[in-house]
Amino acid sequence: MAATVTLQIDGQSITVAAGTTLLNAAAMAGATVPTICYHEHCTANALCRLCVVEVEGARVLAPACVASVAEGMRVHTRNERVERSRRTILEMLHSASDVSEAPEIQQQLDDYHANRERFGGGERREAEVIDDNPMYIRDYSKCILCWRCVQVCAADAQFTYAINFSGRGFETSISTFFEQSLTDSSCVFCGQCVGVCPTGALKPKREWLLEQGQAPADILDATRGPGKKRRERK
Amino acid sequence: MITPDRTVSTTCPYCGVGCNLQLHVKDELIYRVTSDFDHPVNQGNLCVKGRFGYDFIYSNKRVTTPLIRKQAQAAGARTQAFDRSEWREVSWDEALEYTTDRLVEIYKRDGEHAMAVYCCAKATNEDNYLLQKIYRALFRTNNVDHCTRLCHAGSVTALLKSINSAAMSNTAAEVIDSDCFIITGSNPSENHPIIGLQMKAAVEKYGSKLIVIDPRKIEMCDFAALWLPLKPGTNVPVFNAMAHVIVNEGLVNREFVEARTTGYADYVKTLDKFTPGYAEEISGVDRNLIIDAARMYARAQRGMIFWGMGISQLSHGTASSLGLIHLAFLTGHVGRKATGLNPLRGQNNVQGASDMGAMPFFYPGYQWVDDEKNAQNWEQLWNVEPGGLNRKRGLTTTEILTHAHPGGVRALHIMGENPMMTEPNLNETRKHMQQLEFLVAQDLFINESGAFADVFLPATSWAEKEGTVTNTDRRVQRVRQAIAPRGQSRPDWEILCDLAQRIEARLGRPNSAIWNYDSPAQIMAEFGKLDSNYTGITYERLERHGLQTPVPHATHPGTPFLFAKDFPSGRGKFIPVDYVPIMEPPDEEYPFILTTGRVLEHWHGGSMTRNSALNEIYPSPVVEIHPVDATWANFTDGQPVRVSSRRGAIVLRTRVTEKARAGVVFMSMHFAEAAANLLTNDALDPQAKIPEYKACAVKIEPAAEADLPHPEIRTERGRW
């Protein structure tokens with residue numbers, strides 16, 4: 001295999017190392033491809049499909065985060081077909097999940113002139129906030145199933161495997177095994193998942209309480225149990 | 001959604017890994033912690049302590065006003081005062097004047113040998129430099145030490161003897177480039193969690209092979225190619241038997257041994273008796289595992305050794321460490337990337353505190369105090385008259401307390417340490433603390449040691465001050481102020497500068513040793529003049545990712561791994577070691593070996609984590625017992641038991657788990673209500689003066705629920 005590949009991105013010819021993803025090649029060519037599920041420090045899985053680009057001659061749009069460059073490829077990072085696809089994805093995400101705390105997605109909704117009401121009235125992914133430990137809360141109504149949390153809990157960082165997908169189709173959610181509480185799971189509360197969550201579905205408990213207008217002193221009390229004395233004195 | 005007032009980049013206050021933290025602050029509350037994904041140390045990953053365990057800084061038990069004991073304390077009858085009603089709130093002026101009066105009075109009456117200080121592996125380089133400077137330049141004593149004595153003294157002594165350098169030789173993150181690595185006496189997934197992640201990745205993604213040599217089935221055993229479950233205190237026979245195999249099977253790296261070491265011929269003769277069979281008999285490790293481990297490590301292109309307290313905290317800690325050093329010499333696994341001798345340092349700044357001369361033998365930069373030239377250099381820098389500095393080596397941490405009696409140490413200044421939790425045989429430590437004539441505590445909390453003090457100087461936490469810390473792989477990084485000091489608390493360096501000026505004036509010294517710094521950066525510039533490891537470091541150069549020492553000049557890029565060409569001692573010395581059993585083997589009356597350590601959720605004496613939400617997920621102590629032992633001794637999981645040694649007894653619940661080894665029980669050191677160190681043996685390594693925390697004999701008897709300090713509190717979860 002040749003060490004380098006020459007291709008065209010938005011009409012511009014560029015030579016990159018073989019194996020480079022279209023996402024990185026586009027960045028080198030100065031084109032911005034939007035992403036949601038993709039995170040530089042996680043394995044890319046092409047789940048959200050926002051990063052799709054058109055490759056001439058290909059039947060379907062290609063997810064730039066995982067598709068590799070090939071010799072002579074002609075890639076369009078933003079044409080009508082790509083825009084329509086991205087816009088629809090954003091509109092569907094907006095209709096099903098609460099993306100109000102995802103500034104990147106809000107920006108993208110604007111950039112692609114998405115109609116926030118296009119799928120209005122559709123079923124939403126609603127869930128109660130799960131507050132089962134003193135460290136962080138899980139609000140899965142904000143979850144867009146980007147899978148970053150599952151991956152950092154697994155082989156992208158922590159090798160703890162406390163959470164994974166549960167359910168199928170629209171019912172898919174992130175869960176511990178048998179939906180046990182995090183304190184009963186293998187979770188070590190490293191919070192790598194909180195660090196990569198793009199939508200505020202996973203959030204430090206102190207931040208969550210602060211949002212609700214609680215005073216700092218009350219927040220600190222709330223994350224500490226009552227009456228647990230440090231020492232027994234004689 | 002909260003928009004932070006500011007986001008401050010700083011370095012984690014817990015372990016020696018030195019992770020980058022981004023503190024998100026709103027109205028002086030740190031409400032979220034993230035990390036820089038491009039940071040070379042932790043790549044954006046954190047553990048529970050770093051990400052969530054900072055809330056101790058807001059604890060309402062934290063002391064933020066200077067305090068003086070209401071009841072005057074007399075030597076011999078000193079008592080503990082945990083309750084604030086036993087203390088009087090005073091001004092900084094009064095507290096520091098009182099401290100000056102008492103310290104100077106004792107110094108003038110009894111002289112320099114009556115003065116002693118514990119520096120602090122959690123404080124910054126600048127804080128530690130200043131504290132040792134006060135006691136050396138003003139009180140002319142070398143009775144300066146810190147908790148390194150209780151953790152890696154065995155490793156440091158062995159490394160200094162063999163290669164004359166005590167730091168970790170390589171960068172931990174290089175483990176992904178190794179093709180074999182040994183973890184021994186260390187539990188990285190709990191105690192150095194981010195290095196633990198890198199090690200897991202090395203095995204799972206980069207194809208490196210892991211050998212765990214440890215009595216406990218720690219989490220890393222799940223990732224290991226080989227696990228050698230040795231009895232505590234039998235390191236030397238296992239390591240020597242590995243060396244025996246390497247020598248007998250012709251796996252020695254001849255080139256390296258001839259070019260870089262001395263003493264090989266004499267050393268090899270001492271290996272004769274250490275056959276794998278002999279080691280099996282003593283250690284309980286199958287001889288075939290020892291043979292396989294020796295071959296695997298010796299045949300690797302790049303082999304690393306990581307070790308922890310299980311090697312050093314023994315009465316033969318120095319010998320254990322030497323056994324490991326020999327393995328690296330024999331195979332030439334040192335002086336290249338992804339190889340090396342890597343004692344994982346525990347505290348965020350234990351490397352830095354040691355670098356700063358917080359030890360009784362060294363000025364900053366490991367310059368021996370009994371070397372005339374060194375003393376003269378520091379006299380010049382500190383404006384001390386020629387001959388003024390003490391040329392005699394001082395007392396170690398463990399010796400300082402045993403010398404607390406009339407005619408010995410009278411005044412002790414403790415910055416941030418807690419010997420009443422961390423010394424071995426605490427009942428004995430208590431007697432020594434009672435003997436002190438004057439005790440200064442400089443801390444955040446009135447901990448078990450500070451409760452004995454006459455005066456309490458409230459320091460700021462790491463989130464309220466500026467400075468630098470040096471991590472386990474010698475990376476010097478910035479600590480930055482994120483929030484205003486709580487109450488009247490002051491940064492340690494400011495407290496020390498203020499105190500030093502008062503002491504200097506009271507002593508009537510003709511020249512000032514210089515205490516009027518306007519920032520920690522100025523303090524670093526001062527010690528950089530004489531400590532060549534830090535000469536090339538300025539705060540500007542540390543800005544984003546820090547620098548790894550040595551940094552000898554202003555454009556030096558730092559040193560990821562050491563000893564590429566030679567050792568500071570020239571050649572590495574083989575120093576033969578023999579097997580010495582643990583001081584207190586189990587017997588009829590005390591049939592179990594107790595080994596101690598730490599857990600993921602807690603930190604050392606508990607001043608920080610037990611005042612944090614971390615205590616909620618791990619609220620009470622347990623003693624880990626292997627199912628086999630639990631069966632014959634008739635213990636069930638969670639049952640209250642009384643664990644006793646010849647020195648003390650505590651009551652706590654059992655946890656029946658295969659993580660323990662049959663015949664060996666494990667306990668963590670964090671819980672004051674069942675302090676493991678009431679049981680541990682204060683026998684010392686004769687060279688390093690480190691106590692034998694890792695093995696003592698205990699018996700276990702059933703106890704009643706009512707005997708538990710807090711029967712209503714249970715640590716329910718076991719991670720694995």
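Leaving aside neighbours within four places in sequence, B:Met242 is in contact with B:Ile290, B:Ala293, B:Ala294 and B:Leu327, a contact being two C-beta atoms, placed from the backbone, within 7 Å. B:Met242 and B:Ile290 are also among the residues that touch the most other members of the largest nonpolar core, which has 305 residues. The model is predicted, so local features need pLDDT of at least 70 and side-chain atom pairs count only at pLDDT 80 or more, while totals for chains, interfaces and linings use all residues. Residues are numbered from 1 along each chain as its sequence is written, and chains are lettered from A and ligands numbered from 1 in the order in which they are written.

**Core**
- A nonpolar core is a set of buried Ala, Val, Leu, Ile, Met, Phe, Trp, Tyr and Cys residues joined through C-beta atoms within 7 Å.
- A residue is buried if 20 or more other C-beta atoms, placed from the backbone, lie within 10 Å of its own, exposed if 12 or fewer, and partly exposed in between.

**Chain A**
- Chain A has seven helices and nine strands; helices (H or I, at least four residues) and strands (E, at least two) are DSSP runs, numbered from the N terminus.
- The C-alpha trace of chain A spans about 80 × 45 × 35 Å along its principal axes.
- Of the 234 residues in chain A, 43% are buried.
- Among chain A contacts between residues at least 6 apart in sequence, 58% join residues at least 24 apart.

**Sheet in chain A**
- Five strands of chain A form an open sheet with mixed pairing, in the order 2-1-5-3-4; two strands pair if DSSP finds at least two bridges between them.
- Strand 2 (12-17) and strand 4 (62-63) of chain A are the edge strands, each pairing on one side only.
- Strand 1 (residues 4-9) and strand 2 of chain A run antiparallel and are joined by six bridges, with A:Val5 opposite A:Val16.
- Helix 2 (residues 80-96) of chain A packs on the sheet, where it touches strand 3 (52-55) and strand 5 (74-76), and its direction makes about 155 degrees with that of strand 3 of chain A.
- That angle is taken between N-to-C directions on a scale from 0 to 180 degrees, with axes fitted to C-alpha atoms, for helices over the stretch in contact.

**Interface**
- On the chain B side 39 residues are in contact with 36 residues of chain A.
- Strand 3 (29-34), helix 1 (48-52), helix 7 (193-204) and helix 23 (614-617) of chain B each give two or more residues to that side.
- The chain B side divides into 21 nonpolar, six polar and twelve charged residues.
- Here Ala, Val, Leu, Ile, Met, Phe, Trp, Tyr, Cys and Pro count as nonpolar, Asp, Glu, Lys and Arg as charged, and the others, Gly among them, as polar.

**B:Gly50**
- B:Gly50 lies in helix 1 of chain B and is buried, because 26 other C-beta atoms lie within 10 Å.
- Apart from neighbours within four places in sequence, B:Gly50 is in contact with B:Cys12, B:Tyr14, B:Cys19, B:Leu21 and B:Val33.

**Strand 30 of chain B**
- Five of the seven residues of strand 30 (residues 696-702) of chain B are buried.
- Strand 23 (residues 592-597) of chain B pairs with strand 30 in the antiparallel sense over three bridges, and B:Ile593 stands opposite B:Ala697.
- Strand 25 (residues 640-644) of chain B also runs antiparallel to strand 30, joined by four bridges, and B:Arg642 has B:Glu701 as its bridge partner.
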